[in-house]
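Here are my notes on this entry. Keep the structure open beside them and check each point as you go.

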Amino acid sequence: MKRILIYINFSLLLLGSLSSCHKVEVAINSELTPDVYPQTAAQFNSATGPVYVALRGNYSVDYYFLQTLSSSEAILPAFGGNWYDGDKYEQLHKHSWNKDNAWVNSVWTYLENVIGTTNQTLYILSPAPDGSAKQTTLAELKTVRALCYFLMMDLYANVPIDSVYGNTTLHTNTPRPQLFTYVESELKAAIPYLNRVSGQAQYGRPNAYTAWTILAKMYLNAGVYTGTQRNDDCIAACDSVINSGLYSLEPMSTYLQMFYPTNGPTQKEFIFAIPYDASTTNGYMFHARYDLNRNLGIRYKYSGSTNGSITDPVMNQTYPGSGLLNSQPSGPQSVLPEYYAYFSDPNDVRNGQWLTGLQYWPDGQPLMVTTTNKGYDASYSGSSPAATYTYQLNLTPGMQFRSTATGANPSLFDFGNDEIAWNMGYRNIKFYPDYTNTVSRNQNNDVPVFRYSDIILMKAEAILRGGTATQGQTALSLANQLRAVRTTTPAWTTITVDSVYAERCREFSWECWHRNDMIRFGKFEDSYGFKTDSDPNHRIFPIPTTALSTNATLTQNPGY
Amino acid sequence: MQLNCHVEAPLLRVFLRPKICLAMRMIVVMLTVACLQVSAGGYSQKLSLSVKRQSLEEVFREIKQKTGYVFWYKLDMLKHARKVTISVFDQELVKVLDVIFKDQPLSYEIVDKTIAIKVKETAPPALDLASLPPPITVSGKVVDEKGGPLAGVSIQVKGATGGVQTGADGSFTIPGVKESAVLVFSYVGYQAQEVAVSGRTSINIVLRAETQSLGDMVVVGYGRASRKNLSSSVSTVKPEDLNKGAISDVGQLLQGKVPGLNISASGDPNKTAAVVMRGASTVNSPGGPFYVIDGVPGADISIIAPDDIASIDVLKDAAATAIYGNRAASGIIMVTTKKGRKGATQVTYSGYVGLEQVSRKLKLMDTTQLRTYARNNSLSFSPSDDKNANTDWQSAIERSSAFSHNHNLSFSGGGEHSNYIASINYLDKQGILTGSELKRVIARLSIEQYALKDHVKFGLNVSNSNSNATNVPLQNIVLIQMTKHLPISPVKNADGTYFENFNTTGYFNPVAMIHHAQDNTKYNTLVGSFTTEVKLPFGLTYNLNLSYQQLNSLHGEFYDSYYSNYPTSNFYTNPDPGIGITHQLIGSLFGTNGSALRSSYQNTNKTLETFLTWNRQFGAHSINAVLGYSWQGNIIGDGFQSTSTNFPADNIGYNNLALGVPYAISTYRINFGNDGVYQETRFISDFARLNYNYNDKYLLQASLRRDGSSVFGANNEWGYFPSVGVAWRIGEEGFMKAQNLFSDLKLRGSYGVTGNSSGFGAYTAQLIYGITGTYYSNGAQVGAYGPLQGANPNLKWERTATTNVGVDFAILKGKLSASVDWYDKNTTGMIFNYSVSSSLVPGGKIWANGGSINNKGIELSLNATPVTNGDFSWNTGLNLAHNVNRITSLINPYTNKQDSIGYSDPEGKGQTNSTLQLLKSGHPLGQFFTLQYAGKDASGNSQFVSGKGTLTNSPAIGTDYHYAGNAQPTLLMGWSNTFRYKKFDLNIFLRGVFGNKIFDATRADLFSVNTATTNNILADAAGDKATDAKNGYYSTRFLENGSYVRFDNATLGYSIKNIGEYVHTLRFYVSANNLFVITKYKGIDPEINQGGVAPGVDYNNFYPKTRTVMFGVNVSF
């Protein structure tokens, strides 16, 4: 026995020593490994791409919903069970969310992912040859990361800071005021290295003025975030942007085009925008899917829809292949009347973003829809429910629960599934449906994060809130500077904090700032739509399940 | 002194067993002869004797009486004695004896007054022929182990040419045989047997099937072992016990046959069955067992035609599997194919035709039911839908009957130094869904050649399988559309166009979808192996096996211009359930004016295995030692994919991408497929095994494998996988001789460690950059290249430690035999794509080792032959398996707490983000975690039990979920019965699964009453009010008992032997599959996929199950 074991051991040793027979590694020649990538300047440049891909990822869907549907701006109800989706939209409207809410979770993951990708990219770029180009690139990436931490501070308040790639130590929440200090110092450290130009070469990447604008936002909201007002710092930050001379307000004639699928680096008002392109597989920007009434697909060439062989432009006809049916948007989202009320000035160019009332084809013909008596009104009790009913599409203001005979069910946030229900609520087409894309629902519209008009209104508000006016500009002069390119109604003669709020509503609809404004102006606990909640803890979202399950050192925000 | 035992000591015979009596007599006789043989002459006694055809013994008795001479002989010696006829008067005793012994095979010697009888020395060659015993005619019958007659058995006289064959009843007559001749019985598929005639004229023989002889010999890794001396848990399935039916997949052949193998088959001819051995040993997409075909590790199981299988050995415990190291954690299935046999040339044809029909349909509402429901709930239909039709959409996409046929022709033979077998198999199997079909040709050649005085054996095996699989395009979407379409709408409009109503979101005519698209994949798998076995001195054998496997796939998809009508914005996939799987929008796939996709990939697999075996016996000690080395290199995904669109006509299909003009569509992007398809891996191993056996009583087996793999992290490339097994054959012990209950009894115990290295990519442990999308850079969208995954240099294999205790016994003289196994299987360091904070690892996922899972279970297999009675016999086999699966931890290095991963999200209407299952420690894989249904409230709306225990109408995802049952069965059963009566045989097989729950998400989605006017519902939903919007919520309402008993197969066969001089055997049979299912399950079929991470979810992904009737014939020439 012993001898056998010796033989076995010896033979194993012998086999083991034949190293050529035991080379288990394989050469990788089908993938980019650290041996080959990144090495060149072009490769280092393309290595920063994932940060911008990640940033683009969920901004215009998840992030948009979390910021917008939780405010008085918009509502996304259910229609016969469609769009109920585990009440994730209803919770946003009613402020009844919990740590399991899908949007609360996905936005956390989205922003953390941009942060992690940035950390990783900073690590990857560290061996790149030193020089000003490298310093600028690193500063840009740190500014993106700071933007994300700023957004997380705004949404979740107390967030762990992870800034070093490769570290696996889990960090607990950093309290909001410290997070504020961290983001501020990161931005200030980055500014000296950031470019001071705008235009095509810089578009989509942050420059020094992006960093100043983030700082201006933070200082304006410093009272909310830290308890200490910093209006003068806000004004100084705004002045840095104003004094650059790179930006100007869009004239009235082209205001609406600023958000069209054709927008881009020529937009003088965009300080920082996220470029979307319909050709990208993960270009998740499709507002028309949510905002366009379902009978308006062909009218706005939604997703490449075309009026087919039938010339009679009545929607919903069922002739096979008529092309009058294809590519319907789902169109569940509409503006809340409380918010739309701010658009009362008939001379305001910004009214053009709304679809209200009776609808027409571009040539002025009424847009007719054919259905049945019952299909139009589910509560129809006449003798011929299946008889054809044709009507001109008419969008009515706001959502109203009707009798249960219509299928409406308040406990399910459900307004019924008939034409009347689907036509409730005015629609926003600021991010104009993409008439250039014939294949997918992705849109070409670039989405601004910061516009120059925000600088103007922030400075005005900071002055109104006690900041010291600079450069001869007053709150009133600043507001009128903006209004002069938005409306033909005569300039304001007085200005209040509330009128700035109203102007911000008109200016930044669908641009993800209304929740932030409502909290700062103390209006987040108001009742609007079907929401009655007034718990101030809800100004901050809960730390979501996805975060808690991957990091047990986190503590939940108060009130959850 | 009367020592003739036969005559004088009858009492002794009673007390002593015959063998001992015989031995004693021999000893006495021999001693006496030795002592007394002094002189032969000196006596001249005379006598008269007259007998006619008397036995020699009788004659001896008479002589003794008359002379007082005593005869000494061994009783045996007289067995071949000839009858005596003699008539002498007063002759000398010696003369009389000379006459008597003249024709006897015996001679005599007279010592004192004793006549000693002895066997004649072989006659010298000079002896004249007349003095030899005349040739005799031997007749008899050849039967198999079950007593059934074997026809066509060839019988040869050893050393002579020619021979005869048995007739239909197994009988034979062979004239002119020397009494001393040896007959050789051989028959394909059976173990040859040599029998000495020894003067007998009647010889009955039982031939053992080859696999049965292997049944005593089990195929284990790198060698064979005798079953009786096995210390591990191995189940063997013989070809006649494999499932019958129009089956193209080896998994289905084994369904219900092996305790501990949980196999769930789909009705789809192009989908293989999910195989889980002894419970899921990982949460990382638990894979099936590792297949070793004729010694080729990791061979593609699709190259095997069922008719070519000689045996399947299922290695279950770690003592058996650890020799395959880091690929053995899910068990090993060893498939052995048929080989040619010496001296028996044979041509065999097997064929069948089968007809399948859908066995069960969903009970969707028909027009009358739906209209009644609408009337009762004051609903009306859109004129776009209501065309006064009464369409059964299930029938619309199903064939009324699917046809399949299979033909297998094999020829084999062999001489003294070589043998061969070749076979060709053709299968054409239609799926029950219109358009789905599998056509497959398998050709196989296997040659063995001996050289160097038979010291070296070369083997060449070549097998090629060529499949042409036509799938239902977008099958899962077609299935969901089939269920959703309203019966009041026709398949086609009056003008012949397909009915469509795009007003209803996500609503597409399933018949049009099938008709306007194509989906086809052609596979070609080639496996070649070359083996060399050298017999060396000192009991050493050296083996060198080289093998090469190549799989080519050519895939094509085409969606014609009709698909451009479909709304791209709400055309979603309907994926099978899993973790992180959500439906995807695929509208843009359809391009404009037709869209085609073509892909071609090749996988290759090269293996070198070499091992030295030492087999020695030292008295009662016997040793078998194996020492070896294995090298395997694999390349997968060597190929490409491309797409095109904008074709001038629809008839081109995917056959000519060059005709498309994709660039005319500005937003169209050619799809080159996924990044990282090409992967190369390497596995290198050293292994050793020692088997020690003392006196066939005490058995020890130990093995060690050192495995290296390129798929692991740099710090963990190599691992050791040890095992040890012991067995005690109690039945062989002396103290067991006194009892009659057990005819065999063995106790086994083993412990071993195996690994799992599958379920993740080749470069998972490494930092890899890939394209993460495109981003805006200075006016253009440019590629963004970033890490797809971080490096994990510590990534290693999953470690599965298994303890197995078993007992094998046979009682009632072997009429009942049984094996019982208990096991405890513990997997640690499960490789899983763990969720981590996205700020630590971009993407929020990392492949890491962490967590653990446990399986404990008990398996029983029983085999009995309750009746064997002349023409009739009944053999029955029952196997039962019980397994308890539990995740014991989900902790990994990147999170100090990783738990409660909700998954399986069917995304029913309004239910996005609702999950059905939960991964959580303390719970089994597939734990259901969902809402708890609590009936209706006063207004008829569904209500649920909230997380706090109160009732609610608006339950929340997660917080209001409850633990609701286990998807894994507690008991699996297979029960087979074989009845034989004369030429008929009847085989009946029943299969059962008990104690599992199925989540019927299909039913839930078809309960959506509030959209009953746009999407059809089940007839069972008629009791719910249309205003009850949450009646179809995923909840315990749709969690059903998944237990079932299936009457899986009944086969009636009739065999005729020796028809004319050309046909040896002919067997006709008729077989029926899936005759009925006893179940409370309300879905289409309770046999829902049990594999993977999301077992037991019926998710609109069902392919209808069928009932099959087939007629088959087997002929051998």
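1. Start with one crossing. Helix α10(A) passes helix α15(A) in a left-handed crossing. Keep in mind that this is a predicted model.

2. Now find the residues that touch. On α10(A), the contact is made by N231(A), C234(A), I235(A), C238(A), D239(A), V241(A) and I242(A). On α15(A), the partners are Y452(A), I455(A), M458(A), K459(A), A462(A) and I463(A).

3. Sort those residues by class. The contact of α10(A) with α15(A) has 10 nonpolar residues. It also has 1 polar and 2 charged residues.

4. Next, the geometry. In chain A, α10 covers residues 231-244 and α15 covers residues 452-464. They pack at an angle of about 150°. Their axes are 9 Å apart. Angles over 145 degrees count as roughly antiparallel, and α10(A) and α15(A) are therefore roughly antiparallel to each other.

5. Step back to the whole chain. How many helices and strands does chain A have? The tally is 19 helices and 11 strands. The C-alpha atoms of chain A fill a box of roughly 100 × 70 × 45 Å along the principal axes.

6. Then look at contacts along the sequence. Take the contacts in chain A with a separation of 6 or more. Residues 24 or more positions apart account for 71% of them.

7. Last, burial and surface. Chain A has 560 residues, and 62% of them count as buried. The chain exposes about 19,000 Å². Carbon and sulfur atoms supply 55% of that area.

Terms used:
Residues are numbered from 1 along each chain as its sequence is written. Chains are lettered from A and ligands numbered from 1 in the order in which they are written. This is a predicted model: local features need pLDDT of at least 70, side-chain atom pairs count only at pLDDT 80 or more; totals for chains, interfaces and linings use all residues. Side-chain values use heavy atoms; hydrogens and water are left out. Axes are lines fitted to C-alpha atoms, for helices over the stretch in contact, and angles run from 0 to 180 degrees between N-to-C directions. Helices (H or I, at least four residues) and strands (E, at least two) are DSSP runs, numbered from the N terminus. Angles under 35 degrees count as roughly parallel, over 145 as roughly antiparallel, 65 to 115 as roughly perpendicular and the rest as oblique. A crossing is left-handed if the near helix is turned anticlockwise from the far one by less than a right angle, and right-handed if clockwise. Contact means heavy atoms within 4.5 Å. Ala, Val, Leu, Ile, Met, Phe, Trp, Tyr, Cys and Pro count as nonpolar, Asp, Glu, Lys and Arg as charged, and the others, Gly among them, as polar. Buried means under 20% relative accessible area, exposed over 50%, partly exposed in between (1.4 Å probe, protein chains only). Accessible areas come from the Shrake-Rupley method with a 1.4 Å probe; for residues, only the protein chains shown count as cover.
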